[in-house]
Amino acid sequence: MEREHNTHESWMRFALEQAVFAEHEREVPIGAVIVKDGAILSVGRNRRETGKSAIAHAEIEAINAACRAIGSWRLSNCTLYVTLEPCPMCAGAIINARIDTVVFGAYDLKGGASGSVIDLFSCPFNHHPVVKGGVLEGECRDLLQTFFAKLRRKNT
């Protein structure tokens, strides 16, 4: 899937589309896309409720699909775009998959492992992706905040 504009913002918009798909499935709206050589390699979205699985995060889904697409566990020369700062589990998967660059939208002040709570990418592991946070931060954050506000109203 080629995209016309290979910018962080344009790829993040595609990740936002995945987040909206997750929301339509009554999932927390988090989306991810992995890009290699200017083309989308895989997509993922949060499916923890659907899959009844604690590990069904958008990043994990995208990483698994990308590995299958290229036939390798190494995702060198890939960029992961995700609408929310990766958690510790996803940061570990990113390190293990050797993803070169991580671009995220909203910061996660309660669970983020890319600098908000801890920066696992700066620890002395054998791989250190380049990380850029805050891309389309407002749009990513607003989608999450609106989802949780609706959920709270529904539960009162």
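Does Asp37 count as buried or exposed, and at what relative accessibility? Asp37 counts as exposed, at 66% relative accessibility. Buried means under 20% relative accessible area, exposed over 50%, and partly exposed in between, using a 1.4 Å probe and protein chains only.

## About the model

This is a predicted model, in which local features need pLDDT of at least 70, side-chain atom pairs count only at pLDDT 80 or more, and totals for chains, interfaces and linings use all residues. Residues are numbered from 1 along each chain as its sequence is written, and side-chain values use heavy atoms, leaving out hydrogens and water.

Helices (H or I, at least four residues) and strands (E, at least two) are DSSP runs, numbered from the N terminus.

## Positive phi angles

Most residues other than glycine have a negative phi. Asp37 is not a glycine, yet its phi is positive, about 55 degrees. Asp37 sits in the loop between β1 (31-36) and β2 (39-45).

Asn77 is not a glycine either, and its phi is positive at about 65 degrees. The loop between α3 and β3 holds Asn77. Asn77 counts as exposed, at 54% relative accessibility. Arg98 follows α4 and has a positive phi, near 65 degrees.

## Helices α3 and α4

Helix α3 (residues 58-70) packs with helix α4 (residues 88-97) at an angle of about 20 degrees, and their axes are 9 Å apart. That makes α3 roughly parallel to α4. Angles under 35 degrees count as roughly parallel, over 145 as roughly antiparallel, 65 to 115 as roughly perpendicular and the rest as oblique. Axes are lines fitted to C-alpha atoms, for helices over the stretch in contact, and angles run from 0 to 180 degrees between N-to-C directions.

From α3, the contact uses Glu59, Ile60 and Ile63; from α4, it uses Met89, Cys90, Ala93, Ile94 and Ala97. Contact means heavy atoms within 4.5 Å. By class, these residues are 7 nonpolar, no polar and 1 charged. Ala, Val, Leu, Ile, Met, Phe, Trp, Tyr, Cys and Pro count as nonpolar, Asp, Glu, Lys and Arg as charged, and the others, Gly among them, as polar.

## What surrounds α4

In α4, Cys90, Ala91, Ala93, Ile94, Ile95 and Ala97 are buried. The buried residues of α4 pack against α3, β3 (78-84) and β4.

Phe121 lies in the loop between β4 and β5. Phe121 counts as buried, at 5% relative accessibility. Beyond its neighbours within four places in sequence, Phe121 has contacts that include Ala91, Ile94 and Ile95. Phe121 and Gly92 are 29 residues apart in sequence, and their C-alpha atoms are 8.6 Å apart in space.

His127 is also placed in the loop between β4 (101-106) and β5 (130-132). His127 is buried, with a relative accessible area of 13%. The side chain of His127 reaches the backbone oxygen of Ile99 at 2.7 Å. Setting aside neighbours within four places in sequence, His127 touches Ile94, Ile95, Arg98, Ile99 and Asp100.

## Helices α1 and α5

Helix α1 (residues 8-24) and helix α5 (residues 137-154) cross at roughly 10 degrees, and their axes come within 10 Å. That makes α1 roughly parallel to α5.

Met12, Arg13, Leu16, Ala19, Val20 and Glu23 of α1 meet Glu139, Cys140, Leu143, Phe147 and Lys150 of α5. The contact of α1 with α5 has 7 nonpolar, no polar and 4 charged residues.

Methods. Polar contact = N/O pair within 3.5 Å; in protein donor to acceptor, adjacent residues only side chain to side chain.
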